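Subject: Structure for your files

Hello,

Here is the structure for your files. My notes on the sheet and the helices follow below.

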Amino acid sequence: MSDLNKLGLAEARDALRKGDVTSVELTQACLSAIEGAGALNAFVHHTPEIAHAQAAAADARIKTGDAPAMCGLPVGIKDLFCTKGVPSQAGSRILEGFLPEYESTITQNLFDSGAVMLGKLNMDEFAMGSSNETSVYGNAINPWKVDDRDLTPGGSSGGSASAVAADLCLAATGTDTGGSIRQPAAFTGITGIKPTYGRCSRWGTIAFASSLDQAGPMTKSVRDAAIMLEAMCSHDPKDSTSANLPVPNFEAMLSGDIKGKKIGIPKEYRMDGMPEEIETLWANGTAMLRDAGAEIIDISLPHTKYALPAYYVIAPAEASSNLARYDGVRYGHRAKLEEGDGITEMYEKTRAEGFGPEVQRRVMIGTYVLSAGFYDAYYNRARKVRTLIKKDFEDVFAQGVDAILTPATPSAAFGLGEASDDPVAMYLNDIFTVTVNMAGLPGIAVPAGVDAQGLPLGLQLIGRPWEEGDLLNTAYALESRAGFVAKPKKWW
């Protein structure tokens, strides 16, 4: 078989089981593709030795007939996940040289399932960004191109999205705090799911905002997302927020039958000035689900308009607390001190050198809203808004709605540098996605069309808590009808 790196997880798994290909061959195809794609800057730490060893072990395991679903499948790991003995920097200078002594639960689950790690993927620093422009490694670049412009792959999981879209790996891990799986998936024409908060363990995942962060897969299809999500999920006693619930066989739930399902269309997501192509995409997606037998109903989520400002109070507040541990004392970057400098100067210089401008901005905002004079005015008020947002969804689901359809992003991928000087414009990229994190719900982005320039556009489906199987099946029905098969033309 040629172009093995272009296979999806399901295709490659089946080929491995039939003996048509080996994991070593799959892995080498991906490593060769990575080697030739330096222009994308998607992979930032390469682990070919680990990949070859894991692939050989997977081939031996497959021969015994004891092969889990991910066995032998080469994937990329976002730099936010701690990987034992492998640099794990969260895209930040302050974690320069950090080699974890432990494995994150997510990567351990994948390795236990036989997955092969190709390397670590680029990302916005500490997952703070929507364009992968805050990374210490430099920009990851979208494999889709228009008029020779370098486009953002989205963020913070930009390296993951770029690598999957460019066939450098069969799939990748991502994390989603306010849309960081779904937005880059939409920008690059792939599928990305954020599961219910608590479905995937956060242990060993470098924290941004602990009550919002959630890991998930970024893949070439909905079926692949179902396969990888099952391998990633587990109850983890090391994570107090991990749900002690059985993990379903998500792939077995992909029938495509959604007859009688109620799909809600929230009126609050129709923004003033929304591009016509996004409106058209949304209307087309609605028609596809109706044609599949779903009942389309108009719904209201009245507190949606407060979600973005509330999110940008809560997330920075939690970040300012989480990032206080990075001080240059035990690990990572430490600034050079001058004679007479003490511990205070070491902290100040190390954090000033180690954190980039966007991280510093959010830490300062978070510290401000948590300060004594403003805690009630900002942080507590934002928490109350969050409760109201969650109740909006609960009320809709109580009316029998099974899933909610919205756009995934307000536009197609934009050019690198076009929004980096305007933080508010950058934050607006999360307008359709942050509500899902605030309510702790599962959400998935599915490629469903292209804009006038031929760039991919995605639709988002939001599901009931803990019902990722139903959500994936609805996404499968949408994917089947959308028929998105476009791939970026190779230029890198």
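This is a predicted model: local features need pLDDT of at least 70, side-chain atom pairs count only at pLDDT 80 or more; totals for chains, interfaces and linings use all residues.

Strands S9 and S11 (residues 456-463) pair in the antiparallel sense over five bridges. Here two strands pair if DSSP finds at least two bridges between them. Helices (H or I, at least four residues) and strands (E, at least two) are DSSP runs, numbered from the N terminus.

Residues are numbered from 1 along each chain as its sequence is written, and side-chain values use heavy atoms, with hydrogens and water left out.

The sheet

S9 (residues 403-407) has five of its five residues buried, so the rest of the structure largely encloses it. Buried means under 20% relative accessible area, exposed over 50%, and partly exposed in between (1.4 Å probe, protein chains only). S9 also runs parallel to strand S7 (residues 262-266), and two bridges join them. Isoleucine 263 is opposite alanine 403 in S9.

These strands belong to an open sheet of eleven strands with mixed pairing, in the order S1-S3-S2-S4-S6-S5-S10-S11-S9-S7-S8. Its edge strands, each pairing on one side only, are S1 (43-46) and S8 (295-299). From one strand to the next, the twist averages 30 degrees. Angles run from 0 to 180 degrees between N-to-C directions, and axes are lines fitted to C-alpha atoms, for helices over the stretch in contact.

Elsewhere in the sheet, strand S5 (residues 191-194) and strand S6 (residues 214-219) are antiparallel and share two bridges. Glycine 192 has methionine 218 in S6 as its bridge partner. Helix H3 (residues 48-63) packs on the sheet, where it touches S1 and strand S3 (116-121), and its direction makes about 155 degrees with that of S3. Contact means heavy atoms within 4.5 Å.

Proline 456 is found in strand S11. It counts as buried, because its relative accessibility is 2%. Not counting residues up to four places away in sequence, proline 456 touches Trp144, Ala186, Phe187, Thr188, Gly189, Ala412, Gly449, Val450 and Phe484.

H7 and H4

Helix H7 (residues 222-232) lies across strand S2 (74-78), strand S4 (171-176), S5, S6 and strand S10 (443-450), and runs at about 145 degrees to S6. H7 also packs with helix H4 (residues 105-112), at an angle of about 110 degrees and with the axes 8 Å apart. H4 and H7 are therefore roughly perpendicular to each other. Angles under 35 degrees count as roughly parallel, over 145 as roughly antiparallel, 65 to 115 as roughly perpendicular and the rest as oblique. Ile106, Asn109 and Leu110 of H4 make the contact with Met228, Ala231 and Met232 of H7. By class, the contact of H4 with H7 has five nonpolar, one polar and no charged residues. Ala, Val, Leu, Ile, Met, Phe, Trp, Tyr, Cys and Pro count as nonpolar, Asp, Glu, Lys and Arg as charged, and the others, Gly among them, as polar.

Alanine 231, in helix H7, counts as buried because its relative accessibility is 16%. Leaving out residues up to four places away in sequence, alanine 231 touches Met70, Asn109, Leu110 and Ser113.

H9 and helix H11 (residues 357-369) pack at about 100 degrees, with their axes 7 Å apart. H9 is therefore roughly perpendicular to H11. Tyr312, Val313, Pro316, Ala317 and Ser320 in H9 meet Arg362, Val363, Ile365, Gly366, Thr367 and Val369 in H11. That contact divides into seven nonpolar, three polar and one charged residues.

The axes of H9 (residues 307-322) and helix H12 (residues 375-398) come within 9 Å and cross at roughly 125 degrees. H9 and H12 are therefore oblique to each other. On the H9 side, the residues in contact are Ala307, Ala310, Val313, Ile314, Ala317 and Glu318, and they meet Tyr378, Tyr379, Ala382, Arg383, Val385, Arg386 and Ile389 in H12. By class, the contact of H9 with H12 has ten nonpolar, no polar and three charged residues.

Regards
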